[in-house]
Amino acid sequence: MLTPSVTVADLQEAMARLEGVVMSSICSIYLDYGSFTGSSVDFREDVLQVQDMLAAVKKASSRGLEPFLPEQRQFFDSKIELLSLLEKIHRELTGFEMMMETKELSGAATAISDAKALMEELGEFQSSQGCPPEIYKALKSTVLVKKGHLKYKFDELFRTAFYFSRENDISELTISFKIIMTSSSKYHESPVFLMALIKSMNSAGLLSEYLTSFIESFVKLFVTKIIESPSKEFSMTKSKLSAIMKFGDTKTLSGVGAPPLKDFNAMYQKIFDAIKFLRDCLLGPVKDGQWTPENECFVNILSPMLVNTLLEFSMYPSIPDNRDDMSKYGDYLEAVRLFDRRMKDESLFFSDNMEMMEFVVTANVQYARKRKSKLLINVRKIIESEDQNTYEVEDATERGSIRSLYSAKSGGGKVPMESTATGKTALLDKQGLEVNDASFRLPRCQVSVQAQTLVEQAYQTLEEATGMDPESKFATFLDMIPFFRNLGERYFRSQLRKQRDIIKGFLAKAEGFSNLTDDAKFENVERCIKQALSALNALSRVWKVKTSPGRDLL
């Protein structure tokens, strides 16, 4: 029972004695590296005793039995807080050493994690209360060394637990559930269990680092290979001591290297089985949908890698580039939808992960974008081609004329014509047209092959678009209008500038038109002008631009 017999002088003497013991012990163990080990020093009871004395003095002061000034109270509070922090750090480091010897990796990971948190607290305390900097640096260095030692053990154990191989086009993963360290007799006598190792790594905050590189290898050697050749044989075996996953045996179900839409059901089934088998081997099955910290870490790393791989190597390449294949694409989308639901049901995807379902919902838009990209490539090739031939537009090939509108109304048949007394043609059956379409017809002209090809491409594309939903039409064609216009204008201007530079080059050789009385000068100017005229005549013959009476048609 606390009594007023504990005075401030007693507290001061006990505090000084405790400070001497703690500081000297810390310096001997972590700064001077004395001959005795840290485990032989324990001053927790001494700290608790001084804390009790401080509480007794405060209680006596509140009763008026012992004077205790505010500055004295603040001094003793900060001093005992510093010594208590040092004692806790020493205790965690000592516990870490003992647990490493007994191979209790989970406890060792927790101890070093707690020591690191206490060091952060000590760092804040040091800046305000004046912890000796040499002690702080020595303890911080020790914590880092211990954590490095733990990480080294994790490295050794993790490398022993998993073995990836890729030989003769066969991917293989061997998982050991009981990890034996042959370099140490202690580890040989008492193997580490895989699940305990993973929990220990998570306690130390290192699991994410190790799983990232591990899952990268798994995705590279298994997921991508399954996508490339879904028909190859896939096997999984599991015993009490180990498990083996193998893909790529010489036996196949229906051929090797199938295209994205071939065997897609088998592909998604094998990927799902492989991931579930891997999760169960590492972490055990999820019970009643309860997420453990280790499972959350696993899914948090796996999910983006897997989805990105599927999108890049299977889902985007599988998008059809024609309407016939698109009409059959629903089966593939259903396989994607089923895979997403099964992954979520097995807690292999987070419930709010919607990337794969967004792909399913926007499949028509994705198809439209793919078609648009191909159209843009074709249009660019057409415009950039150096074909300077021209094509005479006739009634049978003209697009957008009154005749073509009439033909569409009448069911696409030929329009019967007759000659009138004035020599002009007229329609025998006008059905809905009150004016002869010849009144609106422009004279026949010749256009470049590129222009004719572009018009045909545009009409075919618009005909295909009639069967699309409005959103797909918008994604495919609306934003192509300015691109076509700008691309055509750019190359048209480029062609004009090229011809202009040719003419200017001929005229520049004349070196001006003055002093034509000089015979040599006159002959040179005449020759240059003839060259320019010859180039213009050649250009007119190549372009074959015909004009209607009284109006130039470019």
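Modeller: Two residues are in contact when they have heavy atoms within 4.5 Å of each other. Helices (H or I, at least four residues) and strands (E, at least two) are DSSP runs, numbered from the N terminus. The model is predicted, so to speak of local features requires pLDDT of at least 70, side-chain atom pairs count only at pLDDT 80 or more, and totals for chains, interfaces and linings use all residues. Residues are numbered from 1 along each chain as its sequence is written, and side-chain values use heavy atoms, with hydrogens and water left out.

Colleague: How many helices and strands does the protein chain have?

Modeller: The secondary structure of the protein chain comes to 19 helices and ten strands. Among its contacts between residues at least 6 apart in sequence, 71% join residues at least 24 apart.

Colleague: What percentage of the residues in the protein chain is buried?

Modeller: A residue is buried under 20% relative accessible area, exposed over 50%, and partly exposed in between (1.4 Å probe, protein chains only). Of the 554 residues in the protein chain, 38% are buried.

Colleague: At what angle do helix 9 and helix 12 pack?

Modeller: Axes are lines fitted to C-alpha atoms, for helices over the stretch in contact, and angles run from 0 to 180 degrees between N-to-C directions. Helix 9 (residues 264-283) packs against helix 12 (residues 330-345) at an angle of about 10°, with the axes 9 Å apart. Angles under 35 degrees count as roughly parallel, over 145 as roughly antiparallel, 65 to 115 as roughly perpendicular and the rest as oblique. Helix 9 and helix 12 are therefore roughly parallel to each other.

Colleague: Is the crossing of helix 9 and helix 12 left-handed or right-handed?

Modeller: A crossing is left-handed if the near helix is turned anticlockwise from the far one by less than a right angle, and right-handed if clockwise. Helix 9 and helix 12 make a right-handed crossing. On the side of helix 9, the residues that meet helix 12 are Phe 264, Asn 265, Met 267, Tyr 268, Gln 269, Ile 271, Phe 272 and Ile 275. Helix 12 contributes Asp 331, Tyr 332, Ala 335, Val 336, Phe 339, Arg 342 and Met 343. For classes, Ala, Val, Leu, Ile, Met, Phe, Trp, Tyr, Cys and Pro count as nonpolar, Asp, Glu, Lys and Arg as charged, and the others, Gly among them, as polar. On that basis the contact of helix 9 with helix 12 has eleven nonpolar, two polar and two charged residues.

Colleague: At roughly what angle do the axes of helix 2 and helix 3 cross?

Modeller: The axes of helix 2 (residues 44-62) and helix 3 (residues 70-101) come within 10 Å and cross at roughly 160°. These two helices are therefore roughly antiparallel to each other, and helix 2 passes helix 3 in a left-handed crossing. Among the residues making the contact are Val 47, Val 50 and Leu 54 of helix 2, with Phe 76, Ile 80 and Leu 83 of helix 3. The class count for helix 2 with helix 3 is six nonpolar, three polar and six charged residues.

Colleague: How far apart are the axes of helix 5 and helix 8?

Modeller: The axes of helix 5 (residues 133-161) and helix 8 (residues 207-228) are 12 Å apart, and the helices pack at an angle of about 30°. That makes helix 5 roughly parallel to helix 8, and their crossing is right-handed. Lys 151, Phe 154, Asp 155 and Phe 158 of helix 5 meet Glu 209, Tyr 210 and Phe 214 of helix 8. This contact has four nonpolar, no polar and three charged residues.

Colleague: Is Arg 279 buried or exposed?

Modeller: Arg 279 lies in helix 9 and, at 0% relative accessibility, counts as buried. A polar contact is a pair of N or O atoms within 3.5 Å; within protein, one must be able to donate a hydrogen and the other to accept it, and residues adjacent in sequence count only if both atoms are side-chain atoms. The side chain of Arg 279 makes such a contact with the side chain of Asp 280 (2.9 Å). Not counting residues up to four places away in sequence, Arg 279 touches several residues, including Asn 295, Phe 298 and Glu 346.

Colleague: Where is Asn 168 placed?

Modeller: Asn 168 is in the loop between strand 1 (162-167) and strand 2 (170-176). Although Asn 168 is not a glycine, it has a positive phi of about 55°. At 71% relative accessibility, Asn 168 counts as exposed. Asp 169 lies in the loop between strand 1 and strand 2 and has a positive phi of about 60°.
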